[in-house]
Amino acid sequence: MINDEYNIKIVHYKDFDEVQFFCSSVICRDDLLIDEDGVISKKEKKEKKKYFNPFSGEMEEVIDLNEQEFYKYVAFKRSKNMIYKLACNNKPWDYFVTFTFNGDKVDRYNFSEVSKKLSKWIDNIKQKYGCKDMGYIIVPEKHKDGAWHFHGLFKNCDNLNFIDSGIKDNQGRTIYNISNYKFGFTTATKLSDIDKAVSYILKYISKDLFGDSLKGKKRYWRSKNLEMPAVSTAIFQGNKIDLMKMLGHDIDYITSSESVWNEGTYIQLKKRIEDTENFDADRFIQVIGGVDFEEIN
């Protein structure tokens, strides 16, 4: 069954829009495959190869390592994309926080153990200190010696009891400690450049988090009160140049991606698309094939 078909996608963040334009239409169907030549064929269930295992005396499936690595990569990209959207759509953030663990209180080399301690602390903070409105995105990082620590963006978190450490960072900002965190050491800094902080936390989402040792484990923590941006799709009856002209001079930056499947252009605006300087709503409706502009907002 057809879920969607489009060549333009608009991601509506609270403060700006990101327009994604694809050279070829994207066809989203759960029963079709499109090869590198654009040929559409029915999706057939692929049977996994089986070999005789002399130790078990049975025919067993063999894992395709290339396929396994592909799915790890897909999981990595999806997680990074999810964090990016959550971080951009829920600005402003107030603090950048780092959590470490005291080896005398917790095995800081055991991912499962430090994850449980962090989750327990978050739940306790919400209940005991009245931080139910607190917003956060937290990601893990593995240190060179194998120990785990975590980094996070926080908002609505004044009840965390920040204490001046007496130390300032290289930008002259005060470094705080969180006194009600008892599993180790913390640092917290008020954000002066939120966009830079968003980029900074994304770098901690590495492919190392998707190895076999962390299979099935949580790769990031987010508060339930964060909202994902709305997404609209449509058929754009024009080319990339037409689209760029319509968006005018309010483009922040442009990136491109290319694969054997499709070529995409990602255009981040400085504001919402309907607020751009040279935006012509009537022309836009005409170019996207008569779709009501209000339907894609």
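Because the model is predicted, local features need pLDDT of at least 70 and side-chain atom pairs count only at pLDDT 80 or more, while totals for chains, interfaces and linings use all residues. Residues are numbered from 1 along each chain as its sequence is written, and side-chain values use heavy atoms, with hydrogens and water left out.

**The whole chain**

Let's start with the overall picture. The protein chain has five helices and 16 strands; helices (H or I, at least four residues) and strands (E, at least two) are DSSP runs, numbered from the N terminus. Of its 297 residues, 40% are buried, meaning under 20% relative accessible area with a 1.4 Å probe, protein chains only. Contacts are heavy atoms within 4.5 Å. Among those between residues at least 6 apart in sequence, 62% join residues at least 24 apart.

**The cores**

A nonpolar core is a set of buried Ala, Val, Leu, Ile, Met, Phe, Trp, Tyr and Cys residues joined through side-chain atoms within 4.5 Å. The largest one holds 53 residues, and Phe99, Trp121, Ile138, Leu153, Phe154 and Leu160 touch the most other members. Elements giving two or more residues to this core include helix 1 (65-89), strand 8 (135-142) and strand 9 (148-155). Another core, of 13 residues, lies apart from the largest one, with Ile8, Leu247, Ile251 and Leu269 among them.

Which residues does tryptophan 121 touch, not counting residues up to four places away in sequence? They are Phe99, Leu160, Ile178, Asn180, Tyr181 and Phe183.

**Asparagine 124**

Helix 2 (residues 111-128) contains asparagine 124. Asparagine 124 counts as partly exposed because its relative accessibility is 36%, and partly exposed runs between the buried limit of under 20% and the exposed limit of over 50%. Its C-alpha atom is separated by 9.9 Å from that of asparagine 180, 56 residues apart along the chain.
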